[in-house]
Amino acid sequence: MSAKPDQPYLLRKHKTEEWIGRGYTTICVMFLIVIIISIVYFVASKGITTFTKDGVSVSEFLFGTRWSPDDNHFGAFPFIYGSFLTSLLAAAIASPLSICAALFMTEIVPTWGKKLLQPVIELLAGIPSVVYGFIGLSILVPVLRDTFPGQGIGVAAGAIVLSIMILPTITSIATDALSSLPRNLKEASYGLGSTRWQTIKGVVLPTVMPSILTGVVLGMARAFGEALAVQMVIGNAPHVPSSLFESASTLTSVITLNMSNTVMGTAQNNALWSMALILLLMTFVFIFVVRLLERRHRL
Amino acid sequence: MKLKKTFLTVLTLAFTLSLTACGTKDTATTDSNTSGTDKPALSGSILASGSTALQPLVDQVGKKFMDKNSGVSIQVQGGGSGTGLTQVSGGQVQIGNSDVFASEKIKDEAAAKALVDHQVAVVAIAAVTNPEVGVKSLTKQQLVDIFTGKITNWKEVQGKDVKIAIINRPSSSGTRATFEKFALGTKTEDLKGSIQEDSSGTVKKLVTETPGAIGYLALSYIDDKVTALQYDGVDANVDNVISGKYPVWAYEHMYTKGEPDASTKAFLDYFMTDEVQNGDITELGYIPFSKMQVKRDVEGNVTK
């Protein structure tokens, strides 16, 4: 950088600052991009070996129901099914609760509702997942065992624990969306003589629906990727469960259970990496859906 | 305001630097420990990783060894038997801890042969049930029938009329491999509806709480909250394991790649001293290797 001698001192100083700032941020961004690309490359290259080296067909892996690594059967369908089932159920349980909580905070009692609920929800988000898992195992599982057939452990327990874990995600996104809603929309509705309930139902909810759905999808993405808490309460049997109160597995739980016990490069270890690849691809799908929703929202 | 910012930056930098300093420390060697003995002082760093069942023992013995040899630094990590074997094979760690023989986990024969086995302790596993089921002893055949799903109610084996709930381990678990090999004598399929947990703590909790539950635990985890079953009429206890009457046990292995270097060898030799075998090993609930009256090879053949 050769500043011309006739340039005033301040201008030179500001130009240097600009240059340093630009350089520093560029390095940070490069670093992020390199990390992301190497993670994707690593997981993909490990995950593909199941199909290229160990000779498992993609369709057997995705749709086979028999998981028995000792006999070379690598059907991962029970885990994929378990992951989708638990995260969908969790979203189904958590969404109504979160949306109602968000409405309560913004529309119904905006004065003290937000002051009281906001810290509570932030606290929920900060509890480590192992604590959720342990509470689920110690309190939820015995309750389910006494009330329903089966051993308490199973998809239902996993979905309930997950639903509590994703409550904060959905609630905070829904709250943000609701509070950024322009005042004039609501006032127009009141001006036409609608009650508060009619305003919420006819104006507020339809307007913010895409944002709320974004929250639900992000919540599902979190539920899909959660490992520890689910693993503790779901039972981990590698089978498609025939009831909600029967032991089942998710992609994450089978990975955490077996990854440390298998040796790198063996067929079973590679199959676990393939499941990690599926998880990664699902994350991309979730992000894609969120992008789509955001675009619809803007139009 | 500006001063505060500078202060914060300096703090951050100092913190980062001190962390970096930690990272390089473990390769530093000191040679100040001669302390009167004529042996040359040991120095260097030993990294061990692997089996979580063996980790507490290696950790405790490692600390004692470091007190005696200040030039040596020992770090013990968990990660599971598979991780330990992978890392020792790849040369990332000096010692790989494992619950099973390396040849059972590593399919590549050359890689398995390059590892040298050091057996330090023995862990015995017993079938345990919820105390409510009213069964004290099972034969091998009854256990096989239960874990393969042929027997589904405790009344079929003279217990109460309670459905059997199996608390199993994941198929890759070393504990499960030992139990299947020496108690059942056969590999079992994962039954629909069976529960699988990897940690012994969780298995114990579930066996204690679930009516009709059966699982298996290392002897050190067993107390009066669960019933340890007799196996073919033999009590699962340390004496019966030592004399070879009770067959469900396995070695705890510490693998090195090739012959260990001086300090690693000294550390492994330290495990075989009476001080550790009769002290730490017994204290932490393992069975001393040196006391075993029977030996067993990879194929499971027992010799006196």
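**Chain A, the annotated stretch**

I started with residues 80-290 of chain A, where the chain is 79% helix and 0% strand, with the end C-alpha atoms 21 Å apart. Helices here are DSSP runs of H or I with at least four residues, strands are runs of E with at least two, and both are numbered from the N terminus. UniProt, in an unreviewed entry, gives these residues 80-290 of chain A the feature "domain: ABC transmembrane type-1". I note that UniProt positions use the numbering used here, that feature names are shortened, and that annotations may be inferred rather than shown by experiment.

Before going on, I wrote down the ground rules: this is a predicted model, where local features need pLDDT of at least 70, side-chain atom pairs count only at pLDDT 80 or more, and totals for chains, interfaces and linings use all residues. Residues are numbered from 1 along each chain as its sequence is written, while chains are lettered from A and ligands numbered from 1 in the order in which they are written.

**Domains and listed spans of chain A**

I found chain A split into domain 1 (1-42) and domain 2 (80-298); such bounds come from an automatic or database domain assignment. The C-alpha centres of domain 1 and domain 2 of chain A are 39 Å apart.

I also looked up "transmembrane region" in UniProt, again an unreviewed entry, and its list for chain A includes residues 21-44 and 271-293. Residues 21-44 of chain A are 100% helix and 0% strand, with end C-alpha atoms 35 Å apart. Residues 271-293 of chain A are also 100% helix and 0% strand, and there the end C-alpha atoms lie 33 Å apart.

**One asparagine in chain A**

I stopped at A:N236, in the loop between α9 (228-234) and α10 (251-258) of chain A. Its phi is near 65 degrees, a positive value in a residue other than glycine. Most residues other than glycine have a negative phi. Is A:N236 buried or exposed? A:N236 is buried, because 29 other C-beta atoms lie within 10 Å. For the record, buried takes 20 or more other C-beta atoms within 10 Å of the residue's own, exposed 12 or fewer, and partly exposed is in between, with C-beta atoms placed from the backbone.

**Where the chains touch**

How many residues of chain B are in contact with chain A? I got 29 residues of chain B in contact with 23 residues of chain A. The elements of chain B giving two or more residues to that side are α3 (81-90), β7 (195-196) and α8 (200-209). α3(B) gives the most, with five residues. By type, the chain B side divides into five nonpolar, 15 polar and nine charged residues. Contact means C-beta atoms, placed from the backbone, within 7 Å. Nonpolar covers Ala, Val, Leu, Ile, Met, Phe, Trp, Tyr, Cys and Pro, charged covers Asp, Glu, Lys and Arg, and the others, Gly among them, are polar.

**Chain B overall**

I counted eleven helices and 14 strands in chain B. Of its 304 residues, 44% are buried. Among chain B contacts between residues at least 6 apart in sequence, 71% join residues at least 24 apart.

**Strands around β1(B)**

I followed β1 (residues 44-50) of chain B, which pairs in the parallel sense with β2 (residues 72-79) of chain B over seven bridges. Pairing takes at least two DSSP bridges between two strands. B:A48 stands opposite B:V76 in β2(B). On to β3 (residues 95-98) of chain B: β1(B) runs parallel to β3(B), with three bridges joining them, and B:G50 stands opposite B:N97.

**Helix α7(B)**

Ten of the eleven residues of α7 (residues 174-184) of chain B are buried, so this helix is largely enclosed by the rest of the structure. Among those buried are B:R176, B:F179 and B:E180. Just after α7(B), B:G185 takes a positive phi of about 75 degrees.

**Two loop residues in chain B**

I found B:W154 in the loop between α6 (140-147) and β6 (165-168) of chain B. B:W154 is buried, with 23 other C-beta atoms within 10 Å. Leaving aside neighbours within four places in sequence, its contacts include B:V133, B:I164 and B:G212.

My last stop was B:D232, in the loop between β10 (230-231) and α9 (238-242) of chain B. Its phi, near 50 degrees, is positive in a residue other than glycine. B:D232 is partly exposed, with 15 other C-beta atoms within 10 Å.

Conventions: Contact = placed C-beta atoms within 7 Å.
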